[in-house]
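Subject: Structure for your files

Hello,

Here is the structure I said I would pass on. My notes on it follow below.

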Amino acid sequence: MKLSIYPSSAEASRKLILYIINILNEEPEKIFNIALSGGQTPALMFDIWANEYVNVTPWERMRIFWVDERCVPPSDSDSNYGMTCSLLLRLVPIPYENVFRIYGEMKSPNKEAKRYSELVEQLVPPKNGFPEFDIILLGAGVDGHTSSIFSGQEEFLTSEVAYVLTINPINGQKRIAMTGNVIINARWTIFLITGRAKAEVVSEICNSGDVSPAAYVAHHAINVELFVDELAASNFREIE
Ligand SMILES: O=C1O[C@H](COP(=O)(O)O)[C@@H](O)[C@H](O)[C@H]1O
């Protein structure tokens, strides 16, 4: 596990964008399968990407998937797709056919989890028995959840299917979530974690065992990197 600490969330975002662009440039013929997370943390990164790096990103070689989605329509402020679309995708020249969203508004989220699992299995080549994304961008909640796998839902970390229906235990919201075996199988599994509220989560990831889904993923992923800002790293530094 590699940890990189930056002075601010904007700097962590910029370094991560450049890191991803560099990965893409290393294989100039390749189409990259990239899964994005939602929530608040990547919003700044998406905004910066659309405004500062639009002309240096090979958009046509990116196929965009989602790590997780809340079961709401895209117009809802909770929609991970809606947020990504308004801050990034509608502002950059990514081909429409390269964007594969999870339909959070479907009446049967179970069926949608199955449909999306099958779609991903068709489009993303397998390795080790699971789809192998090139890049998976993750966040972590203050409670240590990642994707939409919360503490108490550890069975989804080792599920055999790519996506499952989960429930946010705090508010009962249904979610569709990429499962642990797929997350840890990516060529690059990258966490972006910023803000003081996440200091304990970062400390747990770096200094404890598999005490949360985020910690489990960070400890078991084939190739994992953490991009964090100084606030999120504050507890970790104290321990050092
Ligand atoms: O609910 C979610 O939470 C995590 C973390 O989100 P944040 O708002 O604390 O940054 C996120 O990674 C996930 O995609 C999202 O659905």
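The largest nonpolar core in this predicted model has 81 residues. Those with the most contacts inside this core are Trp49, Tyr116, Phe133, Tyr163, Met178 and Phe191. Helix H1 (residues 9-26) gives the core its largest share, eight residues. Trp49 itself touches Ile17, Ile20, Ile21, Val54, Thr57, Trp59, Met62 and Leu88, when residues up to four places away in sequence are not counted.

On annotation, UniProt lists residues 10-220 as "domain: Glucosamine/galactosamine-6-phosphate isomerase", in an unreviewed entry. In the model, that stretch is 35% helix and 18% strand. Its end C-alpha atoms are 28 Å apart.

Pockets

The largest pocket holds about 590 Å³ of space, and 28 residues line it. Nearest its centre lie Gly38, Gly39, Gln40, Arg70 and His145. At least two lining residues each come from helix H2 (41-52), strand S4 (68-70) and helix H3 (80-87). Sorted by class, the lining of the largest pocket has 16 polar, six nonpolar and six charged residues.

The second largest pocket holds about 260 Å³. It is lined by 13 residues, and Tyr81, Tyr96, Val99, Phe100 and Arg101 are the closest to its centre. H3 contributes at least two residues to the lining of this second pocket, as does helix H4 (109-123). The lining of the second largest pocket divides into nine nonpolar and four charged residues, with no polar ones.

Cavity

The count of cavities of 30 Å³ or more comes to one. The space in this largest cavity is about 40 Å³. Its lining consists of Ser37, Gly38, Thr41, Pro42, Leu137, Leu138, Gly139 and Leu192. H2 and strand S7 (135-138) are the elements that give two or more residues to that lining. By class, the cavity lining has four nonpolar and four polar residues, and no charged ones.

Positive phi outside glycine

Asparagine 128 has a positive phi, near 55°, although the residue is not a glycine. Its place is in the loop between strand S5 (126-127) and strand S6 (130-131). With a relative accessible area of 53%, asparagine 128 counts as exposed, because the cut-off for that class is over 50%.

Serine 147 also has a positive phi, about 50°, and is not a glycine either. This serine is in the loop between S7 and strand S8 (163-167). Serine 147 has a relative accessible area of 6%, so it falls under the 20% limit and is buried.

How many of the eight residues of helix H7 (residues 213-220) are buried? Six are, so the helix is largely enclosed by the rest of the structure. The buried residues of H7 are Pro213, Ala214, Ala215, Tyr216, Val217 and Ala218. What covers them includes S7, helix H5 (180-184), strand S10 (188-193), helix H6 (199-207) and strand S11 (224-229).

Serine 212 is in the loop between H6 and H7. Its relative accessible area is 4%, so serine 212 is buried. Leaving aside neighbours within four places in sequence, serine 212 is in contact with Gly144, Ser151 and Glu204.

Aspartate 76

Aspartate 76 is in the loop between S4 and H3. Is this residue buried, exposed or in between? Its relative accessible area is 30%, so aspartate 76 is partly exposed: the value lies between the 20% and 50% cut-offs. The C-alpha atoms of aspartate 76 and glutamate 105 are separated by 9.6 Å, while the two residues are 29 apart along the chain.

H3 supplies residues to the lining of the largest pocket and to that of the second largest pocket.

Regards

Notes: Residues numbered from 1 in each chain as written. Predicted model: local features only at pLDDT ≥ 70, side-chain atom pairs only at ≥ 80, totals over all residues. Heavy atoms only, no water. Core = buried A, V, L, I, M, F, W, Y, C linked by side-chain atoms within 4.5 Å. Buried < 20%, exposed > 50% of the residue type's maximum accessible area, 1.4 Å probe, protein only. Helix = DSSP H or I, 4+ residues; strand = E, 2+ residues; numbered from the N terminus. Contact = heavy atoms within 4.5 Å. UniProt positions renumbered as here; feature names shortened; annotations may be inferred. 1 Å grid on protein atoms, 1.4 Å probe; cavity = no way out; pocket = protein on both sides within 12 Å on 5 of 7 lines; lining within 4 Å. Points joined across faces, edges and corners; volume = space filled by probe spheres on them. Nonpolar A, V, L, I, M, F, W, Y, C, P; charged D, E, K, R; others polar.
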